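Please take a moment with the sequence and the model before reading on.

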Amino acid sequence: MLRYLPFLLVLALWIYAFIDCLNTPEEEVRGLPKVVWVIVILLFGEVLVGPVAWLFAGRPRRVSTARGGWTAPDDNPEFLASLNRPPKDDPQP
């Protein structure tokens with residue numbers, strides 16, 4: 001069973017890179033046109049050159065959404081300030 005593991009890992013990477021390339025919009029692909037990347041992945045997938053090249057050179061860089069926004073309520077100063085204010089719909093005695 002272990003002798004099939006390298007083959008399955010190569011196949012999984014090949015399939016992942018192929019589907020990722022197909023799902024990436026044309027204007028976000030780097031380096032080569034999308035059609036050329038698909039051909040490179042399919043032709044050189046067995047030796048891992050195509051999928052690895054796609055992941056490092058063709059795939060668009062993903063920007064983390066946590067960088068520009070708050071990650072938790074206790075990191076947000078507006079939320080922390082709202083804890084000290086009385087609720088708006090609660091009448092004051």
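How are α1 and α3 oriented to each other? In this predicted model, helix α1 (residues 5-23) packs against helix α3 (residues 49-58) at an angle of about 45 degrees, with the axes 9 Å apart, and α1 and α3 are therefore oblique to each other. Angles under 35 degrees count as roughly parallel, over 145 as roughly antiparallel, 65 to 115 as roughly perpendicular and the rest as oblique; the axes are lines fitted to C-alpha atoms, for helices over the stretch in contact, and the angles run from 0 to 180 degrees between N-to-C directions. Helices here are DSSP runs (H or I, at least four residues), as strands are (E, at least two), numbered from the N terminus.

On the α1 side, the contact (heavy atoms within 4.5 Å) is made by Leu13, Trp14, Tyr16, Ala17, Asp20 and Cys21, and on the α3 side by Pro51, Val52, Trp54 and Leu55. By class, the residues of this contact of α1 with α3 are nine nonpolar, no polar and one charged, where Ala, Val, Leu, Ile, Met, Phe, Trp, Tyr, Cys and Pro count as nonpolar, Asp, Glu, Lys and Arg as charged, and the others, Gly among them, as polar.

Helix α2 (residues 34-43) also packs with α1, at an angle of about 170 degrees and with axes 10 Å apart, and α1 and α2 are therefore roughly antiparallel to each other. Here Trp14, Ala17, Phe18, Cys21 and Leu22 of α1 meet Lys34, Trp37, Val38, Ile41 and Leu42 of α2, a contact with nine nonpolar, no polar and one charged residues.

Within α3 lies Ala53, which counts as partly exposed because its relative accessibility is 25%. Leaving aside neighbours within four places in sequence, Ala53 is in contact with Trp37 and Gly58. Ala53 and Ala17 are 36 residues apart in sequence, and 9.5 Å separates them in space, C-alpha to C-alpha.

Residues are numbered from 1 along each chain as its sequence is written, and side-chain values use heavy atoms, with hydrogens and water left out. Local features of this predicted model need pLDDT of at least 70 and side-chain atom pairs count only at pLDDT 80 or more, whereas totals for chains, interfaces and linings use all residues.

Notes:
Buried < 20%, exposed > 50% of the residue type's maximum accessible area, 1.4 Å probe, protein only.
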